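Trainee: Could you walk me through this model with a few questions and answers? I would like to see how each answer is reached.

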Amino acid sequence: MTNHVETQDASVAGEATRGFTEILALYHGFGRGAQRIEVIENCEFKLKPGKLTVMIGPSGCGKSTLAKLLAGYLHPDEGSLLIDGRHIAGPGKDRLMVFQESALFPWMVNEENALYGLLASGQVGAGARQRVTALMDRVGLGRFRHKYPGALSGGMQRRLEMVRALVNEPALFILDEPFRGLDAMTRTLMQEHFAQMFEEGRRTALFITTDIDEALLLADEILVMSSRPMKVTRRITVDVPRPRTVAGMIKDERMKHIKVAVTKALYSEAIKAFDGSSRAVAAAGFEKFLDTTQ
Amino acid sequence: MGDVMQNHPAATAARKSRTLRAQAAAGARIAQLLLGFACAFLFWYLTVDVWQLPRFANLPGPSEVFSEWFSPDPIYGLSFYTPDYYWHILHSLARVGVAFVLATLLGVPLGLLMGWSQRVREYVFPLFELLRPIPPLAWVPLAILMFHGTETPVIFLTFLAAFFATALNSMLGARSIDPSLIRAARCLGAGEWRLFSRIVVPGALPQVFSGLQISLGVAWFSLVAAEMVSGEYGLGYLINTGYSMATYPTIFIGMITLGVVGYLTSVVIRLIEHALLRWGNDEQGGRS
Ligand SMILES: Nc1ncnc2c1ncn2[C@@H]1O[C@H](COP(=O)(O)OP(=O)(O)O)[C@@H](O)[C@H]1O
Ligand SMILES: [Mg+2]
């Protein structure tokens, strides 16, 4: 049993070359005429295979729109999205998404939920079942296999959704603010869990957040996004080994520098939302904030 | 953690007091229910038998109705002891049963399809909305012209209203499904059929069942109306002839029986619902 899990993990690690994602000259907007808003404008970036890329940007800037484009729910106005050289034409199992809102099926027991993707494509054998069992045990849901999602707490539901996505071995794993709305304690636990799961699987992942500490805790690479219309303003590599802890990050010099860099990049975008005198007030507040981080 | 708690004496005591409290609550509910019935019967008894109020002068009192009902040799020919009584019940039950099953078999799939596919909805729904408000009784002439014999028109009328209620609620059920669930299923690779059978159908089921409850109610309603118009047996027929033959206690026997039988059929639907919707039963707190 243990052996089985290990070989599975090894094979997963071997797949880390999948999921090379390219976003090229992307444009997207909503509405027509006077109602028209441009949400994404000339956005370009790449996701390295086997890396955890965290996208951070002010809320409302267009991150979820980008996630939906990647998932294939939306079609871009212009530009292209490629995964391993293939164009994204619609939803597909090579890209799985975990949202802030729970999307578990309340009428299926948790195990069935986790198996849904495999059941849908008729790939469910004894091996798949064992893998789901092992994964559910790993994230502390072993006792809830035959219960319904309604009986799970928010954090447990999120973990189950991750299991459901992971057993399908997506080339790209998209997480759109998955821990938003969880209480601080659960959130920290979930971040640690996720970092660990990522280390074991090392599949290409795009993690969207508005929280700087979450970004620093998780990321191999951070993409700082501009306010709307959105594009990448800075790309920062976080070459600090995992596991990372919040306590450790406060002491680490490299981490402090990265935090200041991310904060500055994010700030110069966030400040655009203020105008006139309130901008000066916000700027003063920001200077104070920087002092505390340095 | 659960095992430790279970063996703890305090936990056992707590559980015991919880069962006791549950029993007390159930007892209180039954007491309230009996009290309600007692009040109704007292009202009936006082107005008819004791005070003999003018408006109630023609009605039989509870004593007369119940002595007739339980009499092996009933004055007006109908009681628990006469086979006719059960023959009436059986006829009504069979008609409602056939009409309800037909309405369910046709209404649920049509409703779900209307909810699921915009194309189907665009074709069917306007017509549906036009026909739905026509009361079943307005269909009586048409029913008699279209169907021969006595049974089929009655069943057709009973079926109609039930069908509309079922289809409408099934459609609303299918449309009420959280779009993020459908998106998630698509994303996980579900094809159209799988999406329909594993997501749309179970997701709509709670609403489908509330539709079935409504449908059953209107089925009984139209059945009795139809049986009053035509038919040789059935509770509606019984009540109607009770009036025209001036055998008034029989009217009450028919009415009370109708209430009890109607209630029992809706209990059956509720039991089926409970068995099928187990996920709704042990849901704690639900999704946020
Ligand atoms: N379906 C839509 N129709 C119209 N406007 C939309 C739609 N989806 C998103 N928007 C707008 O696009 C902008 C970016 O939204 P979103 O991508 O959800 O931002 P984020 O996830 O970064 O907070 C917002 O101003 C939002 O109002
Ligand atoms: Mg968002």
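Predicted model: local features only at pLDDT ≥ 70, side-chain atom pairs only at ≥ 80, totals over all residues.

Trainee: How many helices and strands does the secondary structure of chain A come to?

Mentor: Residues are numbered from 1 along each chain as its sequence is written, and chains are lettered from A and ligands numbered from 1 in the order in which they are written. Helices (H or I, at least four residues) and strands (E, at least two) are DSSP runs, numbered from the N terminus. For chain A the tally is ten helices and ten strands.

Trainee: What is the radius of gyration of chain A?

Mentor: The radius is taken over C-alpha atoms, and the globule rule is 2.2 Å times the number of residues to the power 0.38. For 294 residues that rule gives 19 Å, and the value for chain A is close to it, so chain A is as compact as a globular protein of that length. The radius of gyration is 20 Å.

Trainee: What percentage of the residues in chain A is buried?

Mentor: Buried means under 20% relative accessible area, exposed over 50%, and partly exposed in between (1.4 Å probe, protein chains only). Applied to the 294 residues of chain A, the buried share is 54%.

Trainee: Which elements of chain A do the buried residues of α8(B) pack against?

Mentor: Helix α8 of chain B covers residues 179-187, and its buried residues include B:Leu181 and B:Ile182. With contact meaning heavy atoms within 4.5 Å, they pack against α4 (83-116) and α9 (192-229) of chain B. From chain A, the partners are β6 (95-98), α3 (110-120) and α5 (154-166).

Trainee: Is A:Arg131 buried or exposed?

Mentor: A:Arg131 lies in helix α4 (residues 126-138) of chain A. Its relative accessibility is 14%, so A:Arg131 counts as buried.

Trainee: Which residue's side chain has a polar contact with that of A:Arg131?

Mentor: A polar contact is a pair of N or O atoms within 3.5 Å; within protein, one must be able to donate a hydrogen and the other to accept it, and residues adjacent in sequence count only if both atoms are side-chain atoms. The pair here is 3.3 Å apart.

Trainee: What is omega for the peptide bond from A:Arg242 to A:Pro243?

Mentor: Most peptide bonds are trans. This bond is cis, and A:Pro243 is found in the loop between β10 and α8 (246-251) of chain A. Its omega is near 0°.

Trainee: Where is B:Gln52 found?

Mentor: B:Gln52 is exposed, with a relative accessible area of 56%. Its phi is near 50°, a positive value in a residue other than glycine. B:Gln52 is in the loop of chain B between α2 (9-50) and α3 (62-69).

Conventions:
Heavy atoms only, no water.
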